[in-house]
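Student: I would like a close look at a single part of this structure, namely the place where the two chains meet. Please describe it in one connected account.

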Amino acid sequence: NAGVTQTPKFQVLKTGQSMTLQCAQDMNHNSMYWYRQDPGMGLRLIYYSASEGTTDKGEVPNGYNVSRLNKREFSLRLESAAPSQTSVYFCASRDRGGKNIQYFGAGTRLSVL
Amino acid sequence: GQQVMQIPQYQHVQEGEDFTTYCNSSTTLSNIQWYKQRPGGHPVFLIQLVKSGEVKKQKRLTFQFGEAKKNSSLHITATQTTDVGTYFCAGPGAGGTSYGKLTFGQGTILTVHP
């Protein structure tokens with residue numbers, strides 16, 4: 001099993017460009033999450049999908065949109081990138097077992113110039 | 001909303017010294033999780049604590065959950081260079097655990113000098 005796979009691993013954008021970050025999990029998890037990680041700020045939740053067909057805003061949703069394409073895939077879109085969106089983005093999925101563990105992808109390192 | 005504060009932000013130790021990071025919540029937590037992120041890597045689940053006053057050990061790592069379930073700590077005995085990384089605590093996010101959301105602390109970056 002690959003677990004949680006994110007693409008691309010690195011990306012450089014110019015201000016105003018758009019792009020979609022892809023995430024797929026092969027663990028049959030219902031819930032998926034997008035976080036951004038900035039120095040000194042931990043991991044902040046952007047959007048989440050509790051189950052296929054549903055999405056909800058997290059702590060920092062402005063400037064982003066998401067699509068839960070199917071149970072496996074959850075994508076994050078930046079419609080008009082801004083320098084403030086320079087960050088490391090992590091996708092995660094959740095094991096519904098008693099421990100409620102989140103499994104993270106390797107991350108996408110995004111720079112917006 | 002719920003906040004999870006973690007201190008210190010940075011900790012530099014000599015190999016063999018002990019290390020502790022602390023996590024405090026503004027609200028009572030039903031549980032708390034700890035994750036480790038190696039440099040350049042992604043967060044990896046370490047442990048979950050559920051009971052008031054709970055203490056769990058994983059080799060040189062000792063995790064505690066406070067009696068009031070509002071604070072937690074991670075203690076590493078005799079650090080090794082393999083312990084380098086960022087340690088995060090995380091509590092259930094708003095909306096309850098039914099959605100599985102987590103609120104992460106800011107993390108403690110541990111550097112170990114050989």
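Tutor: What follows is an account of the interface, taken from the side of chain A. The model is a predicted one, and the values below are computed from it. In this model, 22 residues of chain A are in contact with 20 residues of chain B. Between them the two chains bury about 1,700 Å², and carbon and sulfur atoms account for 55% of that area. Three residues stand out on chain A: A:Leu43, A:Asn100 and A:Phe104 supply 25% of the area that chain A buries against chain B, more than any other three residues.

As to polar interactions, six residue pairs are in polar contact between chain A and chain B, with both residues at pLDDT 80 or more.

Four strands of chain A, β4 (31–37), β5 (43–49), β9 (87–94) and β10 (102–104), each supply at least two residues of the side that touches chain B. Among these strands, β4(A) provides four residues, the largest share of that side. Sorted by class, the side of chain A that touches chain B comprises eleven nonpolar, eight polar and three charged residues.

Conventions: Residues are numbered from 1 along each chain as its sequence is written. Chains are lettered from A and ligands numbered from 1 in the order in which they are written. This is a predicted model: local features need pLDDT of at least 70, side-chain atom pairs count only at pLDDT 80 or more; totals for chains, interfaces and linings use all residues. Side-chain values use heavy atoms; hydrogens and water are left out. Contact means heavy atoms within 4.5 Å. Buried area is the accessible area (1.4 Å probe) that two parts lose on being put together, summed over both. A polar contact is a pair of N or O atoms within 3.5 Å; within protein, one must be able to donate a hydrogen and the other to accept it, and residues adjacent in sequence count only if both atoms are side-chain atoms. Ala, Val, Leu, Ile, Met, Phe, Trp, Tyr, Cys and Pro count as nonpolar, Asp, Glu, Lys and Arg as charged, and the others, Gly among them, as polar.
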